[in-house]
Amino acid sequence: MEFASVLGLIAGSLGKLGRDVSLLMQTEVGEVFEPSAPGKGGSSTMPHKRNPVGAAVMIGAATRAPGLVATMLSAMPQEHERSLGLWHAEWETLPELCCLVSGSLQQALQVIPGLQVDAERMRVNLESTQGLVLAEAVSIALAQRIGRDAAHHLIEQCCRRAVEQGAHLRQVLGDNPQVSEQLTCAELDRLLDPAHYLGQARLWVERAVAEHTRISR
């Protein structure tokens with residue numbers, strides 16, 4: 001049962017990965033793409049299209065795995081040493097679960113190393129909000145000087161004004177005397193730069209890579 005449960009967790013984790021890749025490959029996002037190869041991921045009618053075939057396998061496996069894990073768990077309360085019918089239900093279920101996860105892992109090993117990332121498109125998508133996506137960063141910095149509630153209310157008003165005027169949040173913030181009294185132009189520029197609002201992302205990535213390296217040795 002423990003083995004089946006672990007397989008279910010692996011399938012779910014890979015399914016999440018596949019889902020993220022598929023969403024990032026959407027035309028309106030276009031930030032990440034699976035590696036291309038002749039005869040892989042193309043469309044039978046649209047030559048320009050790139051389908052997330054690896055992601056599809058990972059998502060499909062993650063969708064089917066919970067039902068198989070549930071079957072294994074349902075077979076636990078057996079009479080005596082082994083119960084008629086219950087352990088027979090495991091015969092096809094566990095191998096199928098293994099095959100699903102194996103296929104999902106195989107696709108992940110092909111997709112991840114060759115993942116194509118469009119950093120410029122990421123920046124364009126971030127800029128499409130005209131700074132609104134980074135309003136939280138400004139609010140947190142301002143809260144250290146005028147208090148959380150006051151900062152939140154002030155930045156919320158500025159965001160609404162930016163939307164109403166179709167202006168960039170940087171412009172609205174710079175024109176607001178309450179904000180400019182507390183934050184300099186240089187501070188606002190830094191706060192509204194996505195590169196300076198990554199939090200602990202680098203630390204978590206480095207930890208994950210270090211752990212992977214340790215396990216692989």
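This is a predicted model: local features need pLDDT of at least 70, side-chain atom pairs count only at pLDDT 80 or more; totals for chains, interfaces and linings use all residues.

Colleague: At what angle do the axes of helix 1 and helix 3 cross, and within what distance do they come?

Modeller: The crossing angle is roughly 35°, and the axes come within 10 Å. Helix 3 covers residues 86-111.

Colleague: Which residues meet there?

Modeller: From helix 1, Phe3, Ala4, Leu7, Ile10, Ala11 and Leu14 take part. Their partners in helix 3 are Leu94, Leu97, Cys98, Val101, Ser104, Leu105 and Ala108. By class, this contact has 12 nonpolar residues, 1 polar residue and no charged residues.

Colleague: And helix 1 against helix 2: what are the angle and the axis distance?

Modeller: Helix 1 (residues 2-24) packs on helix 2 (residues 53-74) at about 155°, and the axes are 7 Å apart. Because an angle over 145 degrees counts as roughly antiparallel, helix 1 is roughly antiparallel to helix 2. The crossing of helix 1 past helix 2 is left-handed.

Colleague: How do the residues of that contact divide by class?

Modeller: The contact of helix 1 with helix 2 holds 14 nonpolar, 6 polar and 1 charged residues.

Colleague: Changing topic, where does the protein divide into domains?

Modeller: Domain 1 spans 1-124 and domain 2 spans 129-196. Their centres, taken over C-alpha atoms, are separated by 41 Å.

Colleague: What does UniProt list for residues 130-209?

Modeller: The unreviewed UniProt entry lists "domain: Adenylosuccinate lyase C-terminal" for those residues. In the model, residues 130-209 are 71% helix and 0% strand, with the end C-alpha atoms 34 Å apart.

Colleague: How do helix 5 and helix 6 cross?

Modeller: The axes of helix 5 (residues 135-146) and helix 6 (residues 148-165) come within 7 Å and cross at roughly 140°. That angle makes helix 5 oblique to helix 6. Helix 5 passes helix 6 in a right-handed crossing.

Colleague: Which residues make the contact?

Modeller: Helix 5 contributes Ala135, Val138, Ser139, Leu142, Ala143 and Ile146. Helix 6 contributes Arg148, Ala150, Ala151, His152, Leu154, Ile155 and Cys159. The classes in the contact of helix 5 with helix 6 are 10 nonpolar, 2 polar and 1 charged.

Conventions. Residues are numbered from 1 along each chain as its sequence is written. Side-chain values use heavy atoms; hydrogens and water are left out. UniProt positions are given in the numbering used here, feature names are shortened, and annotations may be inferred rather than shown by experiment. Helices (H or I, at least four residues) and strands (E, at least two) are DSSP runs, numbered from the N terminus. Domain bounds come from an automatic or database domain assignment. Axes are lines fitted to C-alpha atoms, for helices over the stretch in contact, and angles run from 0 to 180 degrees between N-to-C directions. Angles under 35 degrees count as roughly parallel, over 145 as roughly antiparallel, 65 to 115 as roughly perpendicular and the rest as oblique. A crossing is left-handed if the near helix is turned anticlockwise from the far one by less than a right angle, and right-handed if clockwise. Ala, Val, Leu, Ile, Met, Phe, Trp, Tyr, Cys and Pro count as nonpolar, Asp, Glu, Lys and Arg as charged, and the others, Gly among them, as polar. Contact means heavy atoms within 4.5 Å.
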